[in-house]
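Welcome! Take a slow look at the model below, and we will walk through some of its charged side chains together.

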Amino acid sequence: MTSDLRRQLILGAAKRCFARYGYAGTTTKSVAAAAAISEALLFKHFPSKAALYAEILGEECQADPDLAFLLGQEPSTATLVKLMVGMVRHFLGISDGPNDEEEQRMRLMVTSHLDDGEFARLLYARFADLIGGMFVSSLEQAVRAGDAKRSDAPLDLFWFAHHTALTAALTRLPATPCLVYGSGAKLARQLSEFILRGIGLTDAAIASYLDRELAQSLVPPVTAESA
């Protein structure tokens, strides 16, 4: 069996284990048993349970049709706004629920920061590889178009935006929210506007693109011509 095939076999077994037992109830030993391999062989492909789970989440992100559509766009101010609004919608959607699986993943991400940080580091690396390049390219195009200020550390702005949306969502996770911001639609607009200003977009660019993006879905509807 080739290394790539073995890797996919392990990931398939891990998905079944995580789906059945959750993250806390799954061990590398149980994944190895499900894949009919030794735990030592599993560690040759994945150094830890966190690495396995981060890889699975990374693959799921890549397979997401909304994200695939977005990453297929040309870098531009419009794409930058789509990316930021999509991030806000994603996190607020988790806290609005019901999506127990996504909620548990967000809790795990936060817990990782308070523990050894391994899971968070791995997932941040996957996000950077998957989305960071599009963010930076789109911000550069926005700067060229006069829609944004230049930054010496554009990827840092991506993480500032990510952490802002994540933290806002966390306040809404408990049954009784830690803070009450207002309605979902109003919060999505305010948070998106705050982030866009924070990453350097001009007020004119925000006025031109934000309302238009909030009013439409990320992926265009399927028509008879496009089907």
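A residue is called buried when its relative accessible area is under 20%, exposed when that area is over 50%, and partly exposed in between, using a 1.4 Å probe and protein chains only. E213, at 4%, is buried. This is a predicted model, in which local features need pLDDT of at least 70, side-chain atom pairs count only at pLDDT 80 or more, and totals for chains, interfaces and linings use all residues. Residues are numbered from 1 along each chain as its sequence is written, and side-chain values use heavy atoms, leaving out hydrogens and water.

What does the side chain of E213 meet in a salt bridge? Its partner is K82, at 3.1 Å from N to O; a salt bridge here is a side-chain nitrogen of Lys or Arg within 4 Å of a carboxyl oxygen of Asp or Glu. E213 sits in helix α11 (residues 203-214) and K82 in helix α6 (residues 77-96), so their pairing ties together parts that are 131 residues apart in sequence. Helices are DSSP runs of H or I with at least four residues, numbered from the N terminus. K82 is buried too, with 14% relative accessibility.

By this rule, there are 11 salt bridges. Another one joins E59 and K15, whose closest N and O atoms are 3.5 Å apart. Here E59 belongs to helix α4 (residues 49-63) and K15 to helix α1 (residues 3-25), so parts 44 residues apart in sequence are tied together. E59 is partly exposed at 22%, and K15 is partly exposed at 39%.

Finally, turn to helix α10, where E193 and R189 lie 4 residues apart, about one turn of the helix. Their side chains form a salt bridge of 2.4 Å, N to O. Salt bridges with shared partners link R189, E193, R197, D203 and D211 into one network.

Conventions. Helix = DSSP H or I, 4+ residues; strand = E, 2+ residues; numbered from the N terminus.
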